[in-house]
Structures are given as C-alpha cells and as structure tokens.
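Work through the exercises below with the sequence and the coordinates at hand. Each task is followed by a stepwise solution.

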Amino acid sequence: MIADIPALLSAAHKYDAELGAFLRDLVRIPTVNGRDPEAPLAARIQAEARRLGLESRLVALQEDRPNVLVTYGSGPDGFALIGHMDTVAEGDPASWSSPPFAANLKEGRIIGRGAADNKAGIACGLYTLALLRELNLIDPSRQQAVVAGVVDEESGACSQLGVRHLLDSGELQAKGAIYAYTSDIVCIGHRGLLRLGLTAHGQSVHAGLAEWHNHSMGANAVMALAALLLKLESLKVPAAPPPGFEHLGFTITPGTIFRGGSFPSIVPDSATTMVDIRLLPGQPSKTVLERVQELISTVEHERPRISIEMKITVDTPGAAIPTDHPLATLAQDYTEVVLGRRWPAAGAGPANEGYMLIGAGIPTLCGFGPTGGNPHAPDEWVAVESLPATVAIFAGIIHDYLNLPKGE
C-alpha cells in the first residue's frame with residue numbers, strides 16, 4: 001500500500017521555503033551538549049508548531065533541558081518521529097568554510113553544526129504532521145503522529161533525561177517510530193557501545209635513582225597502561241552478525257583519550273585512558289568485560305606494584321528489527337518510488353537511542369531521513385532539496401503503517 005506519491009510531493013513542495021528557513025533557525029541556536037541547554041531550541045520548535053496549528057507540550061526532568069512533543073491527532077494508534085536537539089561541539093571554527101552556527105546556504109546545502117545530526121529530522125517531522133493534516137492521511141480520532149525533540153542524546157545515547165524519561169513516564173507511546181537522522185540506508189538498528197575508563201596506579205620515584213635502575217622502587221603507570229592497550233588492540237571477541245549487519249562486527253578502539261605523568265624526571269604513578277568498544281546486536285557486554293579483566297590481571301601480574309581499575313562509563317546494547325519488518329519494507333518502497341533507488345535495509349555502526357525504543361516494544365528505524373553528511377565533523381550539511389522529499393516519504397510511511405491490516 002503506497003499513498004498518492006504525486007499528491008504527497010506536490011503538497012510537500014509547497015513548504016519548501018518555510019521548511020528550509022525553519023531548519024536554518026534551529027541550526028542558529030547552539031545546543032552543544034554539556035554547554036548549551038536545549039530550552040531555547042524547544043521554544044523555537046513550539047513557536048513553529050503554533051504557527052502550523054499543531055499542539056505541543058514540554059516534558060522535562062530538568063527545567064532548562066525539556067523534551068518537546070508536537071502532536072497531530074489524539075487516537076490510540078500512534079507513530080513517532082524522533083530527533084535529538086543537542087549536538088556535539090563545533091570544534092575549531094577555522095576548520096569550517098563558514099561559521100558553524102551561521103546556517104549558511106551553499107550550493108544547495110545548509111551548513112552548520114546539528115544540521116544533519118539531528119535538527120533536519122526535527123524540522124522535517126513538524127512539516128510531516130502538517131502534511132498529514134492537510135491531506136487527511138490519518139484519522140485524528142483514532143490515530144496520532146508525534147514529533148519528539150529530545151535532549152541529551154550526545155552524552156552517549158544513555159541519558160535519563162530524554163527518550164528514557166519519555167518512555168518511563170508513558171509520555172511516548174507508539175506502534176512504530178523513525179529516529180530521523182540523515183541517511184542513505186533504511187537503518188534497521190545499530191551496534192551497541194561499551195565505553196571503559198581505565199586507571200593505572202603505580203609508584204612514583206626519581207627517574208635518576210639507583211632504586212629505579214635496579215627495579216627495587218617505582219612502577220611506571222603509563223607503560224603499564226600502554227602494555228594493556230596493546231593487548232586490547234589485539235582482542236577478538238567473535239560474534240555472528242545478524243541480518244543487515246554483515247558489513248559490521250566487534251570493534252575495539254583502545255586509547256581514544258590518554259593522560260599520564262606529572263614531570264619529566266618522575267616515574268608516573270598514575271595514568272588514565274578511555275576505550276571505545278562496539279558490539280553487535282545480541283552480543284553481551286558481560287563476555288567482553290570478562291576478557292578485558294583477564295588482560296588487566298595479566299598486566300598486573302607482569303608488572304609488580306601496578307594496579308589497574310576499570311570503570312564502565314557507557315553500556316548501551318545493540319538493537320535491530322528484522323530486515324523484512326513492514327516498517328523497513330515500506331521505507332524501502334518509498335525510497336524506490338520517490339528517490340529512484342531502493343535503499344538497502346542495514347544496521348548502523350554508531351549507537352543511538354533506538355535500542356530504548358525497540359526495547360520498549362516500539363519497532364523503530366534507527367536512522368532514516370534526509371540527505372546530509374559530516375556529522376561530528378566540520379562543514380556538517382544537509383541537502384535542501386531532500387527536505388520536502390523526506391516530508392513526503394515520512395507522511396506516506398505513517399499513513400501506510402498505521403493502516404496496515406491487523407496481523408502485519
């Protein structure tokens with residue numbers, strides 16, 4: 001079942017100018033995680049919702065970091081379009097071709113931090129609700145479409161403030177959802193993220209003393225941690241990839257951050273590092289942690305007076321829906337008809353909050369939306385021409401999905 005494509009596209013293109021202007025406004029409001037609260041962006045989203053005649057409300061655990069929910073319809077059968085309002089930092093402005101928050105338009109692209117990740121998805125979401133209402137694509141008495149602008153995703157996709165709070169409080173309920181990232185695949189899920197902080201404790205001593213030369217005193221925490229990182233670099237933990245994840249696997253990146261030492265002539269008694277580990281859906285973190293602990297014990301045994309602590313800072317599971325789930329196949333159908341190419345159904349390498357939604361029983365595309373690039377990098381961008389097409393595709397998917405025969 002596919003909605004009237006020409007009618008969808010024609011109606012969506014009427015919003016071209018205001019949709020692009022709205023997205024540029026969103027990019028111009030900095031919401032760097034840990035630096036800028038999301039409240040001003042939530043206010044701008046609510047203002048646009050009012051202008052479009054859509055209802056909205058704020059749901060917050062922290063007043064300056066509210067989630068914003070924009071809705072059309074009030075029925076029990078719901079569909080959610082989700083985008084996070086926070087971004088990573090812009091980095092060195094000199095590495096950008098234009099100021100990171102200027103939202104300049106260049107060669108058909110809006111350039112700016114957050115344009116692709118994830119503000120374009122929010123902008124498309126609001127105009128999708130307007131299109132659903134304009135074309136009477138859902139029955140508001142029995143169906144509902146919601147756009148959720150959520151906070152604090154960039155803290156590691158494990159925040160209690162955003163999606164987790166909306167689910168636990170019952171504020172977000174749906175039969176299906178799309179996390180509206182820019183993409184060129186129908187993202188059925190994502191790998192998990194296990195992030196470890198390792199701290200080595202040694203014994204400091206003057207590097208010129210005989211006691212250090214003859215090994216009766218001192219223990220170099222930096223070298224102990226370096227030895228552990230080299231062992232971790234070779235760590236293999238086999239796991240069978242589920243369908244859609246054949247191009248991905250277990251990945252460990254030791255030493256993404258490293259600090260140690262206090263003075264050139266002092267044997268360092270402390271060193272810290274971070275380790276980034278990516279897990280396949282269904283691959284338990286417990287198995288990996290056991291292997292890491294074995295390597296820690298080996299280094300401690302090899303190096304007297306050394307002890308190493310391990311702290312888990314993020315433990316986010318992978319998650320996925322089947323490649324043939326109706327939500328995935330509908331998305332593929334629409335990309336084929338609207339964009340001329342059937343996007344593959346595949347998993348994503350980076351983690352996001354899709355696992356929370358799938359874990360709550362909400363089938364979710366964990367990344368599907370307009371065309372863009374350079375997330376977390378200079379000159380992040382989104383293609384303006386992809387915005388109305390995305391609105392049309394979102395509206396068609398919601399119409400078809402909420403009207404599937406029972407049992408599909």
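**Exercise 1.** Find which members of the largest nonpolar core touch the most other members.

Solution. A nonpolar core is a set of buried Ala, Val, Leu, Ile, Met, Phe, Trp, Tyr and Cys residues joined through side-chain atoms within 4.5 Å; buried means under 20% relative accessible area, with a 1.4 Å probe and protein chains only. The largest such core has 100 residues, and Ile-45, Ile-82, Leu-126 and Phe-368 touch the most other members. A second, separate core has 27 residues, among them Ile-252 and Leu-295.
The model is predicted: local features need pLDDT of at least 70, side-chain atom pairs count only at pLDDT 80 or more, and totals for chains, interfaces and linings use all residues. Residues are numbered from 1 along each chain as its sequence is written, and side-chain values use heavy atoms, without hydrogens and water.

**Exercise 2.** Determine how strand β3 (residues 77–84) is enclosed.

Solution. Strands are DSSP runs of E, at least two residues long, numbered from the N terminus. First, count burial: 8 of the 8 residues of β3 are buried, so the strand is largely enclosed by the rest of the structure. Next, check the faces: Asp-77, Phe-79, Leu-81 and Gly-83 lie on one side, and Gly-78, Ala-80, Ile-82 and His-84 on the other. Then list the pairings, which require at least two DSSP bridges. β3 runs parallel to β6 (residues 143–150), joined by 8 bridges, and parallel to β7 (residues 176–179), with 4 bridges. Ala-80 has Val-146 as its bridge partner in β6 and Ala-177 in β7.

Conventions. Buried < 20%, exposed > 50% of the residue type's maximum accessible area, 1.4 Å probe, protein only.
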